[in-house]
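Here are some notes to read alongside the model, written for someone opening it for the first time. Take the points in order and keep the viewer open as you go.

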Amino acid sequence: MIGLQILVDGFAISALYALGAMGFTLIFGVSGVLNLTHGALMVMAAVAAWAASALFGLGSYAGAAIGVLCGLAGALVTYFAVVAPIERSKAIPREEKEIFVLTGTLLWGIMIQELVAYFFTDNPKTVLPIVEGVVEIAGVRTPKNELFTAVICWVVIALLWLFVNRARAGKVLLAASMNPRGVTLLGHDMARIYVAVWAIYGLLAGIAGVLLGMFLGVSSYSVGPLTASAFSIVVLGGLGSVTGSLIAAYVVGYLETATAYLISPAYRVIPALLLLVAVMYLRPQGLLGRR
Amino acid sequence: MKLLTTPGFWIAILAVLAAATLPWWVSGYILGLLTIAYYFGVFAMAWDLLFGFAGEVNFGPTFLIGLGAYGAGILNNRYELPIPYCLAAGTLLAVVGGIALALPALKVRGPYFGLITLVAVLLLQNMIVVFSDLTGGEIGLTVPDVISIDTDTNYWLALGFMAVSGLILTAIARSPAGLILQAAGQDPVVTGALGFNVAKHKLAAFAVSAAFSGLAGGLVVFYMGTASVGTLINTAVGVQVIIAAVLGGRRTIVGAALGAVFLIAAGEVLRPLGGLSTFVVSAVALLVILFVPSGLLGLASFRSAR
């Protein structure tokens with residue numbers, strides 16, 4: 001019984017983790033940027049959806065759309081205002097760009113977090129779910145919203161997979177992550193590819209944020225843990241490997257859910273953190289990473 | 001000692017002497033703020049040794065600080081050992097933690113190592129909550145002893161501690177070993193090929209950084225009389241340390257201390273803004289990173305070098 005419960009609950013939360021981490025790993029794969037604004041963008045999208053539907057009474061569909069657009073806009077601003085200037089800067093030595101991007105996006109994330117807390121308080125907010133009610137799955141009472149979350153996550157992940165592997169524009173992104181110079185030689189402008197990747201990332205982070213807001217609720221305090229969880233899932237799976245992140249998201253999601261149900265919710269994150277440390281010591285490139 | 005002949009050294013001595021006269025000028029409230037700022041400065045300087053010189057992105061300065069603080073605090077709280085022994089034990093614990101943190105740094109670099117340091121903080125935070133009967137959990141740990149209840153004494157102690165730490169760390173950073181460390185941070189392969197033992201220097205850097213972080217963490221506990229996750233270990237505290245060091249100017253040691261004082265002063269000046277003060281401080285730090293990447297002190301030394 002409790003096993004089934006873990007199976008069902010873990011599936012939805014893992015799908016959400018996977019979606020959140022997917023964009024994060026995509027950006028790293030293509031442009032080598034670790035975006036520590038991630039959690040802040042997700043929270044911003046969720047709070048925008050909440051504000052639009054609960055404060056301004058626009059309904060849950062419009063609210064969700066506004067949230068996702070907010071994620072998109074936030075990601076593009078992050079790229080143009082923080083990441084691109086650092087990468088273009090002549091005052092920063094090349095080998096230190098990575099550290100500066102990390103610090104810069106971290107600061108920008110804190111700024112978003114503080115603005116959200118200032119205008120909408122730091123109370124937890126739950127976005128009005130699009131579907132309501134519960135269903136029984138193999139004897140486990142499951143909110144329909146949880147199913148909805150899992151389905152949307154998987155649909156988006158499948159669309160992303162189709163885009164990257166089948167569409168022409170997507171194949172260019174894939175190629176750019178393998179060999180930027182080769183792609184440039186073929187006449188593709190890397191600057192435009194970066195913008196496209198950040199836009200896709202923004203949509204993914206926005207969708208993940210809104211779904212998280214409907215499923216578990218968010219507050220400005222979620223920013224740090226969200227970034228940390230995406231970061232650890234992506235590193236666990238192997239930086240830049242989309243399949244690896246998918247597997248890692250499920251490992252972490254199920255490990256956390258099982259710990260919460262079987263031991264105590266207070267210990268929820270500890271086994272996942274220990275696993276991460278162990279993987280770092282034994283296989284530093286992550287599960288499916290290539291170095 | 002080449003250090004003694006640089007103008008920067010004498011400016012620093014004058015600044016410390018001037019700061020030492022502050023108890024006769026300003027109120028106890030400001031002294032209290034500065035006391036915390038000085039300990040914070042040591043956190044930032046110890047972090048700069050790892051980041052600026054060894055080239056390691058340590059997202060978990062608070063892991064080392066927390067080990068020192070809680071190691072010292074628990075001994076005092078449980079067994080009522082005298083403060084110096086507690087501080088020594090806390091520092092030792094932090095050094096052990098620092099070396100444990102350094103082992104993966106020898107294998108993995110950049111973002112991978114950054115994540116390990118982040119995980120170390122999260123684990124420590126969780127452990128403190130799990131073993132709450134020993135650590136006081138989320139409420140915090142209270143220690144029966146404090147160094148002094150006199151504001152001036154505490155202030156001078158913090159100032160002296162920061163000055164001595166700054167001197168030692170600067171001396172290490174500018175010594176031949178510091179140069180090797182810097183080389184190893186920029187290109188470990190070439191440094192190794194030149195015949196220097198990269199692993200040994202990195203381990204030493206972590207141990208030194210951990211010792212100062214841990215000792216400062218322990219001193220903060222005996223200054224405030226309490227230790228809690230929110231004031232010493234939270235990732236938000238770690239981010240403040242990082243901002244201080246980057247703001248002041250990385251790879252300068254002293255700049256990190258200036259950045260810490262600036263940060264705490266700015267937080268106080270911006271207090272009327274309420275919830276927006278952190279926003280403004282972060283925005284200033286971001287602008288510094290974007291437009292003056294070498295930091296406030298870097299800007300000054302660049303000007304004088306011309």
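**Notes on a predicted two-chain model**

1. Let's begin inside chain B, with helix α2 (residues 28–53) of chain B and helix α7 (residues 151–174) of chain B: their axes lie 9 Å apart and the packing angle is about 15 degrees. Keep in mind throughout that this is a predicted model. Since angles under 35 degrees count as roughly parallel, α2(B) and α7(B) are therefore roughly parallel to each other. The crossing in which α2(B) passes α7(B) is left-handed.

2. Which residues bring that pair together? On α2(B) they include Gly28(B), Leu31(B), Tyr38(B), Tyr39(B), Met45(B) and Phe53(B). On the α7(B) side you'll find, among them, Thr151(B), Asp152(B), Tyr155(B), Phe161(B), Met162(B) and Ala173(B). Sorted by class, the contact of α2(B) with α7(B) has 15 nonpolar residues, eight polar and one charged.

3. Now step back to chain B as a whole. How many helices and strands does chain B have? The secondary structure comes to 15 helices and two strands. Chain B has a radius of gyration of 19 Å, close to the 19 Å that the globule rule gives for 306 residues, so chain B is as compact as a globular protein of that length. If you draw a box along the principal axes, the C-alpha atoms of chain B fill roughly 50 × 45 × 40 Å.

4. Two more figures for chain B. Of its 306 residues, 50% are buried. Looking at contacts in chain B with a separation of 6 or more, 77% are between residues 24 or more positions apart.

5. Chain A is next. There are 11 helices and two strands in chain A, and from the N terminus on, the order of elements is α-α-α-α-β-β-α-α-α-α-α-α-α. The radius of gyration of chain A is 19 Å, close to the 19 Å from the globule rule for 291 residues, so chain A is as compact as a globular protein of that length. Its C-alpha atoms fill a box of roughly 55 × 50 × 35 Å along the principal axes.

6. Within chain A, have a look at α3(A) and helix α8 (residues 190–215) of chain A, which pack at an angle of about 140 degrees with axes 7 Å apart. α3(A) and α8(A) are therefore oblique to each other. Here α3(A) passes α8(A) in a right-handed crossing. The α3(A) residues in this contact include Ala64(A), Gly67(A), Cys70(A), Gly71(A), Gly74(A) and Tyr79(A), while α8(A) contributes, among them, Tyr194(A), Trp198(A), Gly202(A), Gly206(A), Gly209(A) and Val210(A). The contact of α3(A) with α8(A) divides into 17 nonpolar residues, six polar and no charged.

7. A spot check on one residue: is Val151(A) buried or partly exposed? Val151(A) lies in helix α5 (residues 144–166) of chain A. Val151(A) has 13 C-beta neighbours inside 10 Å, so it counts as partly exposed.

8. On to where the chains meet. The contact takes 38 residues from chain A and 33 residues from chain B. On the side of chain A that touches chain B, α3 (60–88), α4 (97–120), α9 (223–237) and α11 (270–282) each supply at least two residues. Which helix gives the most to that side? It is α4(A), with 15 residues. By class, this side of chain A has 30 nonpolar residues, five polar and three charged.

9. Finally, follow α4(A) across to helix α14 (residues 277–291) of chain B: the axes come within 9 Å and cross at roughly 155 degrees. That makes α4(A) roughly antiparallel to α14(B), and their crossing is left-handed. Among the residues that meet are Phe100(A), Trp108(A), Met111(A), Glu114(A) and Tyr118(A) in α4(A), and Phe279(B), Ser282(B), Leu286(B) and Ile289(B) in α14(B). The contact of α4(A) with α14(B) has 12 nonpolar, four polar and one charged residues.

How values were computed: Residues numbered from 1 in each chain as written. Chains lettered and ligands numbered in written order. Predicted model: local features only at pLDDT ≥ 70, side-chain atom pairs only at ≥ 80, totals over all residues. Helix = DSSP H or I, 4+ residues; strand = E, 2+ residues; numbered from the N terminus. Rg over C-alpha atoms; globule rule 2.2 N^0.38 Å. Buried ≥ 20, exposed ≤ 12 C-beta atoms within 10 Å, placed from the backbone. Contact = placed C-beta atoms within 7 Å. Nonpolar A, V, L, I, M, F, W, Y, C, P; charged D, E, K, R; others polar. Axes fitted to C-alpha atoms, helices over the stretch in contact; angles between N-to-C directions. Parallel < 35°, antiparallel > 145°, perpendicular 65-115°, else oblique. Left-handed = near helix turned anticlockwise from the far one by under 90°.
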